[in-house]
Amino acid sequence: MITDDLRDSVPYQENPVPDSDRTLHVGQPNLSDRAAFDRLVDEMYENRWFTNNGQLVQRLEHRLSEYLQVKHVVLVNNATTGLQIASQALGLTGEVILPAFTFVATAHALQWVGLKPVFCDIDPQTHCIDPLKIEALITEQTSAIAGVHVWGRPCPTDAIDEIASRHNLATLYDAAHAFGCRHQGRMLGNFGQCEVFSLHATKFFHTFEGGAVTTNDDALAEKIRLMKNFGFESMDRVVELGINGKMPEVCAAMGLASLEQLDDVLEINRRNYLAYDAGLSDIPYVHLHPQTNLEGTNFHYIVVEVDDDAPLSRDELLKRLHDSQILARRYFFPACHRMEPYRTLYPEYLDALPETDRLCQRIMILPTGTAISPDDISRICATIRSSLTRRKAA
Ligand code: T4K
């Protein structure tokens, strides 16, 4: 819950600020300190070592393993490849249960390595996989449950672990949104057999493109390391089916430089969330998806639900925002089970996920991050308010 103390600390302006033409995007990258980044790029030049497990990648892995308090961090070139490698390293076969309410990369990663994504509905309160609906989806072919920490909100890991251990299933988590988030006193990155973070430019902490697979399992970490480098164990010896999942040094340089500023980014995200909370609180028909874990979230996504009976539909409101140069997004729309190839391959899910379908129609994501100021948030809230009010009066 947001306390009055916290709310008072936010410099939110009740009156709309004058319109500005500056386009406000969801997903504008946070910038690292340029001089720090340049110094690391200079080092990369001096080393003449640009990729293939260079010093900067090794240093970033070490720093991240300290930050996430997890034994192993294996950096990869993006989270999609990370999920594919993790699935292969875990030896998954047959079917994997995951929520349909996720970025399509989660499903693609599984399908791409020959696994069948089995789509589970979500809990509308948390937007994460509904643990009560998992068990009915388990068959003889099921090998794993892949939860997604949607918006950085931790999955119900205890319930998932309990189901998985009863049915002898692996557990892995798509933690693409969840860098820096805590759960039950531990950093995310420590749950399931392994977790996969996205370090894409649009994320809270990023390396331009990148991903990180984290685990406390030595053997699994070793296998993932081999697999991301074509399966090479030593110079001429390949011992696994591998792929090119390596992170280049310039990406690790961005990560090392960005890590220095993470506390500041968190503070700005937090300020922005509180400004939205104040700015949206008395606008009818729109509801900020509440953060319930204020000490353990990265506040990276500003998630708003629009009531079904609002005078403007979610899409009409989105259009008004876009017309005002506010590029809000419909994450995730449509849900995976309605995208190809899944809707054709697995039509059985089209009528099976009512909460997912309902949420996909109601939700929109508003801009935040270091590119967004309190004045920008005033402008966004004022645009939402006037869009809904004008239509209502008409
Ligand atoms: N699992 C989950 C749950 C995920 O959300 C994702 C990715 C993955 C797995 C896979 O992770 P990676 O393999 O990507 O590491 C964006 C991101 O590309 C994607 O990483 C992210 N999730 C997803 C939620 O958002 P799009 O298709 O919306 O990208 P795009 O190009 O439309 O950009 C999004 C917004 O960011 C736009 O408003 C423009 C802005 N932007 C983007 C970039 C790259 C900038 O202002 N500057 C930039 O440099 O997927």
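**Exercise 1. Find how much space lies in the largest pocket, and which residues are closest to its centre.**

Step 1. The space in the largest pocket is about 530 Å³. A pocket is an open set of points on a 1 Å grid over the protein atoms alone, where a 1.4 Å probe fits, with protein on both sides within 12 Å along at least five of seven lines. The volume is the space filled by probe spheres set on the points, which are joined across faces, edges and corners.

Step 2. There are 34 lining residues, meaning residues with an atom within 4 Å of a point. Closest to the centre are Phe103, His200, Thr202, Lys203 and Tyr301.

Step 3. Now look at where the lining comes from. Helix H4 (79-89) gives the largest share, three residues. Helix H5 (104-112) and strand S16 (363-366) each supply at least two. Helices (H or I, at least four residues) and strands (E, at least two) are DSSP runs, numbered from the N terminus.

A word on the source: this is a predicted model, in which local features need pLDDT of at least 70, side-chain atom pairs count only at pLDDT 80 or more, and totals for chains, interfaces and linings use all residues. Residues are numbered from 1 along each chain as its sequence is written, and side-chain values use heavy atoms, with hydrogens and water left out.

**Exercise 2. Decide whether Lys203 is buried or exposed, and list its contacts.**

Step 1. Find Lys203 in the loop between strand S9 (194-198) and strand S10 (211-215).

Step 2. Its relative accessible area is 13%. Buried means under 20%, exposed over 50%, and partly exposed in between (1.4 Å probe, protein chains only), so Lys203 is buried.

Step 3. Leave aside neighbours within four places in sequence: Lys203 then touches Asn30, Ala176, His177, Ser198, His300 and Tyr301. Contact means heavy atoms within 4.5 Å.

Step 4. An unreviewed UniProt entry places "modified residue: N6-(pyridoxal phosphate)lysine" at Lys203; such annotations may be inferred rather than shown by experiment.

**Exercise 3. Work out which residues of helix H6 are buried, and what covers them.**

Step 1. In H6 (residues 157-167), the buried residues are Thr157, Ile160, Ile163 and Ala164.

Step 2. Seen down the helix axis, these residues fall within an arc of 130°, so they line one face of H6. The arc is that of the directions from the axis to the C-beta atoms.

Step 3. On the other side of H6, Asp158 and Ser165 are exposed.

Step 4. The cover over the buried residues includes strands S5 (142-148), S6 (170-174) and S7 (182-183).
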